[in-house]
Amino acid sequence: MRIELDNGNGDVQIESEVIAQFAGLSAIECFGIVGMATVNVKDGIVKLLRGDSVSKGVNVTVGDNNAINIDFHIIVAYGVSISTVAENLMSTVRYKVEEFTGMQVEQINVFVEGVRIID
């Protein structure tokens, strides 16, 4: 999906995949997050994503009012407070994505798909 903005000087088009990649990279910088996850619905298997594939654990949609909605599927570190990690993720990503795109982030949903012990 492509997002179109008019900034007064012309039109700007941003692919939702670009926002998903940026949001995923911003999320894995947050304390307590091991990585993004993808879920095989058929088998119920969760796979840890790293590197360039972090955007597969992120779903970006744009509402009618041109506001961004982001869903994260994450794996958290063992022993951390999930609610604190989620709040930190939401505030950090909201700020970074709004600065990056110039658009408002309406909603961020966090789905914790697993827990992993950090080596």
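**Figure 1. Overview of the chain in the predicted model.** The accessible surface of the chain in this predicted model comes to about 7,000 Å², and 48% of that surface belongs to carbon and sulfur atoms. The chain has 119 residues, of which 38% count as buried. Two helices and seven strands are found in the chain, and, read from the N terminus on, these elements follow the order β-β-α-β-β-β-β-α-β. When contacts between residues at least 6 apart in sequence are considered, 64% of them join residues at least 24 apart.

**Figure 2. Helix H1 and its buried face.** Helix H1 covers residues 16-28, and its end C-alpha atoms are 18 Å apart, which agrees with the 18 Å that its 13 residues should span at 1.5 Å a residue. The buried residues of this helix are Ser16, Ile19, Ala20, Ala23, Gly24, Ser26 and Ala27. Seen down the axis of H1, these buried residues fall within an arc of 165 degrees, so they line one face of the helix. In general, an α-helix has 3.6 residues a turn, so residues three or four places apart point the same way. One of the residues in H1 is Ser26, which counts as buried because its relative accessibility is 4%, where the cut-off for a buried residue is under 20%. Leaving out residues up to four places away in sequence, Ser26 touches Val93 and Lys96.

Figure 3. Val85, Ala86, Leu89, Thr92, Val93, Val97 and Thr101 are the buried residues of H2. They cover an arc of only 145 degrees around the axis, and therefore they lie on the same side of H2. On the other side of the helix, Glu87, Tyr95 and Glu99 are exposed. Just after H2 comes Gly102, which takes a positive phi of about 80 degrees.

**Figure 4. The salt bridge between Glu29 and Lys96.** A search of the whole structure finds one salt bridge, in which the side chains of Glu29 and Lys96 meet with a nitrogen-to-oxygen distance of 2.8 Å. The pair links distant parts of the chain, for Glu29 is in the loop between helix H1 and strand S3 (33-40) while Lys96 is in helix H2, 67 residues apart from it. Glu29 counts as exposed because its relative accessibility is 60%, whereas Lys96, with a relative accessible area of 26%, is partly exposed.

**Figure 5. Glu4 and Asn66.** Glu4 lies in strand S1, which is made of residues 2-6, and a relative accessible area of 48% makes this residue partly exposed. Asn66 is found in the loop between S5 and S6 and is likewise partly exposed, with a relative accessible area of 31%. Although Asn66 is not a glycine, its phi is positive, at about 65 degrees. In sequence Glu4 and Asn66 are 62 residues apart, and in space their C-alpha atoms are 8.8 Å apart. Leaving aside neighbours within four places in sequence, Glu4 is in contact with Asn66 and also with Val12 and Gln13.

**Figure 6. Gly57 and Met36.** Gly57 has its place in the loop between strand S4 (45-49) and strand S5 (58-62). Because its relative accessibility is 0%, Gly57 counts as buried. The C-alpha atom of Gly57 is separated by 5.1 Å from that of Met36, a residue 21 places away along the chain.

Figure 7. Tyr78 counts as exposed because its relative accessibility reaches 63%, the cut-off for an exposed residue being over 50%.

Conventions
Residues numbered from 1 in each chain as written. Predicted model: local features only at pLDDT ≥ 70, side-chain atom pairs only at ≥ 80, totals over all residues. Heavy atoms only, no water. Buried < 20%, exposed > 50% of the residue type's maximum accessible area, 1.4 Å probe, protein only. Helix = DSSP H or I, 4+ residues; strand = E, 2+ residues; numbered from the N terminus. Salt bridge = Lys/Arg side-chain N within 4 Å of Asp/Glu carboxyl O. Arc of directions from axis to C-beta. Contact = heavy atoms within 4.5 Å. Areas by Shrake-Rupley, 256 points an atom, 1.4 Å probe, with all protein chains shown as cover. Expected span 1.5 Å × (residues − 1).
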